[in-house]
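Subject: A structure to look through

Dear colleague,

Please find the structure placed just below, followed by my notes on what was found in it.

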Amino acid sequence: YTQWFKEKENKMNIKNIIKLNTGGQWITSPAAEEQIFCREMFSQEHIEIKEMVYNFAENKILPKINEIEKLDEKLSKSIMKEMGELGLIGVDTPEQYGGSSLDKITACIVTEGIGWGGSASFGCTFGVQTGIGSLGIVFFGTAEQKEKYLPKLVSGNSLAAYGLTEPSAGSDALSAKTTAVLSDDEKYYILNGEKQFISNGGWADIYTILAQVDGNKFSGFIVEKDTEGFSIGPEEKKMGMKGSSTTSLKFTNAKIPVENLLYDVGKGATIAFNALNIGRYKLGAASVGGSKQAIKQTLKYAIERKQFGQSIAKFDSIIGKIADITIKTYSADTMLYRTVGMIQNAIDELDQNDSEYYIKMGQAMERFAVEASMAKIFGSETSSMVVDNCLQIFGGYGFIEGYPMAMAYRDDRINQIWEGTNEINRAIVTGYMMKKVLMEEISLRGMLKNLGDFLSKDINENRDLFSNEKHAINGAKMLSVLIFQEALFAFGQDLKHEQQLSEALADIFTLIFTSESVVSRVQQEQSPNSNTSMATDIALIHVSESMLDIIKLSTKSLNYIFAGSTPKNILESVKKLKDILTLNTDTITKKRSLGNFMLDQQDYPF
């Protein structure tokens, strides 16, 4: 399988996609005019890998979720080794160190497939191994460090962990108090401090640890399990993810060889944030895979469960819930792969022979930090909504541990907290958008000077299937830019401290991005089949409901910016924009058709 991966490597590409040089630029471009990457554009190789990892998850993970949940270290490690033999761990790792060095799309496909396995606990173990636990070494390790550690990690013979969080430093990661001091003989860094909530903490062999050198130089280190002065705390008693290892780590004059310094002194933030950017969109992928499995199991239950003399699948309320979870999952899937496609395009422009290739890859990915954070927010909140509705459809049985939704419900809650809380990620979305405006990568004034022409535009010209929806999305872009500009006028760079307003803006941006994404995806797929027809309804429903949410968020934002007294000229423009955003879509009828279609499929077919 490893050789098979290598042979396919050069064939995987996503050419012919219109490229945006940096994240956030879609806010000022016409809606759904660019071609986006989505799963209908998977290459044959992508499809084959997807089938392989889904089959592996179905046969090797799903039947063992209850055993995994018992914190069975031996079992989880054995599954990891099987994945290593299949080449599924080393997708992001260079070939010379045992990996397959495939594209970021493949990495998301694999992560999504593991989510399909239904064990969030194993998904956590795997996610740390292939993400934050090893990517610091892939990106910033010396040749010697890569040679020493990566083959062990790629094979699954060693497990990785990542130590950033501390008892007093969570979201404020750079305030970490773990210290590192160079020894007098300059052969070691002496680490002292404690890390908390470390996934894979009790099972790992190799740790990436962040510490302050000389008190204020945030830096990364590779720490081996048997290091003198390094100890591991007891397993945490958690609400969910009970089958994954989570411990504290303690350093008491731990001696770390100087050659285990990762990257340079003071470059710890670069290590941390590059790993987190990747972790964020991969969490979105895991959430999508898990949501699809939950939908499949819920469809089966709804058909089999009888109440009042008939299957509960016949009840309109249940049909509506099934439609809702399908729409949300489809939207999360779409914006995830659009995001990864944008990132991969930027990476494709780099020279793989450049000695700083991986450093530049990190810089390229950082340009899309907005979209990575949105994928994390929307993905985690999608799986939360899906699991909640699935549990509701299971009724009382959903609350019983012997049925699948109780575990899923407990496991899912952490997704809105780790990889940066969703509050922090919303701050990142608005903060990066603000930065791009201030650096003139995005021009708000340039867009708003066309507001008058936009409001007088006749959309009856050149109509297509989504004319009203695209006009509404363009209106939402105008409205968001108008609000954003007024917020910047009112608060300047202090806008980042206006957290409730900042979160509202982030949600508006995310709703615009997802709406545009689903319209783009559906209009690119013109096959005359039932899936395409249902996907069209998904797009129509999602856009209609998203626009109503944007209207509410915009009202809330303007009332705060202008203290409840919005100037008349702005109010008039806003009213016209809200009229454009209000679509006359019969969402109930469309949801009824979609829900019945899903029940007929008894699976997630998109």
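Gly-23 lies in the loop that runs between helix H1 (2–8) and helix H2 (44–61), where helices (H or I, at least four residues) and strands (E, at least two) are DSSP runs, numbered from the N terminus. With a relative accessibility of 0%, Gly-23 counts as buried; in these notes buried means under 20% relative accessible area, exposed means over 50%, and partly exposed is what falls in between, with a 1.4 Å probe and protein chains only. If residues up to four places away in sequence are not counted, Gly-23 touches Arg-367, Phe-368, Glu-371, Lys-436 and Ile-442, and contact here means heavy atoms within 4.5 Å. Gly-23 and Gln-493 are 470 residues apart in sequence, and their C-alpha atoms are 20 Å apart in space.

Before going further, please keep in mind that this is a predicted model, in which local features need pLDDT of at least 70 and side-chain atom pairs count only at pLDDT 80 or more, while totals for chains, interfaces and linings use all residues. Residues are numbered from 1 along each chain as its sequence is written, and side-chain values use heavy atoms, with hydrogens and water left out.

Now to the chain as a whole. Its secondary structure comes to 21 helices and 10 strands, and its C-alpha atoms fill a box of roughly 75 × 60 × 45 Å when this is taken along the principal axes. A compact globule of 606 residues would have a radius of gyration near 25 Å, and the protein chain, with 24 Å, agrees with that; the radius is taken over C-alpha atoms, and the globule rule is 2.2 Å times the number of residues to the power 0.38. Of the 606 residues, 58% count as buried. Among the contacts in the chain with a separation of 6 or more, 78% are made by residues 24 or more positions apart. The chain exposes about 24,600 Å², of which carbon and sulfur atoms supply 48%; the areas come from the Shrake-Rupley method with a 1.4 Å probe, and for residues only the protein chains shown count as cover.

Two helices can be compared with their expected spans, the expected span being 1.5 Å times one less than the number of residues. Helix H9 (residues 268–304) has 37 residues and reaches 53 Å from its first C-alpha to its last, which is close to the 54 Å expected. Because 27 of its 37 residues are buried, H9 is largely enclosed by the rest of the structure. Just after H5, Gly-118 takes a positive phi of about 80°.

Ser-291 counts as buried at 1% relative accessibility. Thr-329, found in helix H10 (residues 316–348), is also buried, with a relative accessible area of 1%.

Met-407 lies in helix H13 (residues 404–412) and counts as buried at 9% relative accessibility. Not counting residues up to four places away in sequence, Met-407 touches Ile-65, Asn-66, Glu-69 and Glu-401.

Finally, please look at two backbone angles. Most residues other than glycine have a negative phi. Phe-197, although it is not a glycine, has a positive phi of about 60°; this residue is found in strand E3 (residues 188–199) and is exposed, with a relative accessible area of 51%. Asp-214, which is not a glycine either, has a positive phi of about 55°. The place of Asp-214 is in the loop between strand E4 (206–213) and strand E5 (217–224), and Asp-214 is exposed, with a relative accessible area of 52%.

With best wishes
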